[in-house]
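Please look through the sequence and the model shown here before reading on. The paragraphs after them are meant for someone meeting this structure for the first time.

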Amino acid sequence: MIDIVCVWWSFTFDMVRTRMNSIPEKVKRTRNVKGKIANAAVLAAATSLFAERGYEGVSLADIAATSGVSKPSVLYHFQDKETLWKLAVDRLWADVDAFFKERHPTGLSPSRELLEARIELFIEASIMWPAYVRIPFIEGATPSWRSEWLADRHFGKHVSMNDKMIRAMQHEGLLGPGDPAHYQALLTSSVNVLVAQSAMWNRTFARQLTDAANLRENMKLVVDLMMSESLSDRTDK
């Protein structure tokens, strides 16, 4: 009889212990899922607000209110606004870089076709992620730790990639021998200005200048100008 009771208690204890151990794991998994959802909401809200108002114009309370996550939770997961800004920009650039890597044209030699393919990717990325254009446009306007961080960590890589293409086209005689930085500024600003200042441009001209069709037309005119003989002659002087 004693053996039966001992076996019963042992079995019952094992069941209770197993159940008690399983509950924290379920809770932990649930919390992890909820935490990831909350983090994603905070990063999305932060990216949107930073692109709209700039770093100085956004508070953690603004991000908390927009994301629907409490400010204490935002601080718990992201420490402070600077850390959150860097993580938001890192995630934004990771998305854009992955898009470029997946869609980047291969097998094309330096040519107008390659230039237009690169431009098309830039236009698509600017439409899909307006913050990719707006955050550097705002933060790059004045010297700060943010402009330096952006240039060193992200912006410089894209500039270097385009610089190589422009120099290769110059080597092939497709572009004039001017400073590659001038060509690159001409290319990117034709999209950056319209996207970053879309509200003003669209209102001034009473139409959508920042839709895909208009951006492509704008870039086509820029490419025509870059590859025209008159511009090549001018860069020689």
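This is a predicted model: local features need pLDDT of at least 70, side-chain atom pairs count only at pLDDT 80 or more; totals for chains, interfaces and linings use all residues.

Residues are numbered from 1 along each chain as its sequence is written, and side-chain values use heavy atoms, with hydrogens and water left out.

The protein has 11 helices and 0 strands, where helices (H or I, at least four residues) and strands (E, at least two) are DSSP runs numbered from the N terminus. Of its 237 residues, 37% are buried, a term that stands for under 20% relative accessible area, with exposed meaning over 50% and partly exposed in between (1.4 Å probe, protein chains only). The accessible surface comes to about 14,500 Å², and carbon and sulfur atoms account for 58% of that surface; such areas come from the Shrake-Rupley method with a 1.4 Å probe, and for residues only the protein chains shown count as cover. Among contacts (heavy atoms within 4.5 Å) between residues at least 6 apart in sequence, 67% join residues at least 24 apart.

Helix α5 (residues 112-128) packs with helix α4 (residues 81-103) at an angle of about 145 degrees, their axes lying 11 Å apart. Axes here are lines fitted to C-alpha atoms, for helices over the stretch in contact, and angles run from 0 to 180 degrees between N-to-C directions. On the α4 side the contact is made by Val-96, Phe-99, Phe-100 and Arg-103, and on the α5 side by Leu-121, Phe-122, Glu-124, Ala-125 and Met-128. These residues divide into 7 nonpolar, no polar and 2 charged, with Ala, Val, Leu, Ile, Met, Phe, Trp, Tyr, Cys and Pro counted as nonpolar, Asp, Glu, Lys and Arg as charged, and the others, Gly among them, as polar.

Helix α5 also packs with helix α10 (residues 212-226), at an angle of about 145 degrees and with axes 10 Å apart. The residues of α5 that meet α10 include Phe-122 and Glu-124, and among their counterparts in α10 are Leu-215 and Met-219. The contact of α5 with α10 divides into 9 nonpolar, no polar and 7 charged residues.

Is Ser-147, finally, buried or exposed? Ser-147, which lies in helix α7 (residues 145-171), counts as buried because its relative accessibility is 17%. Leaving aside neighbours within four places in sequence, Ser-147 is in contact with Glu-139, Gly-140 and Thr-142.
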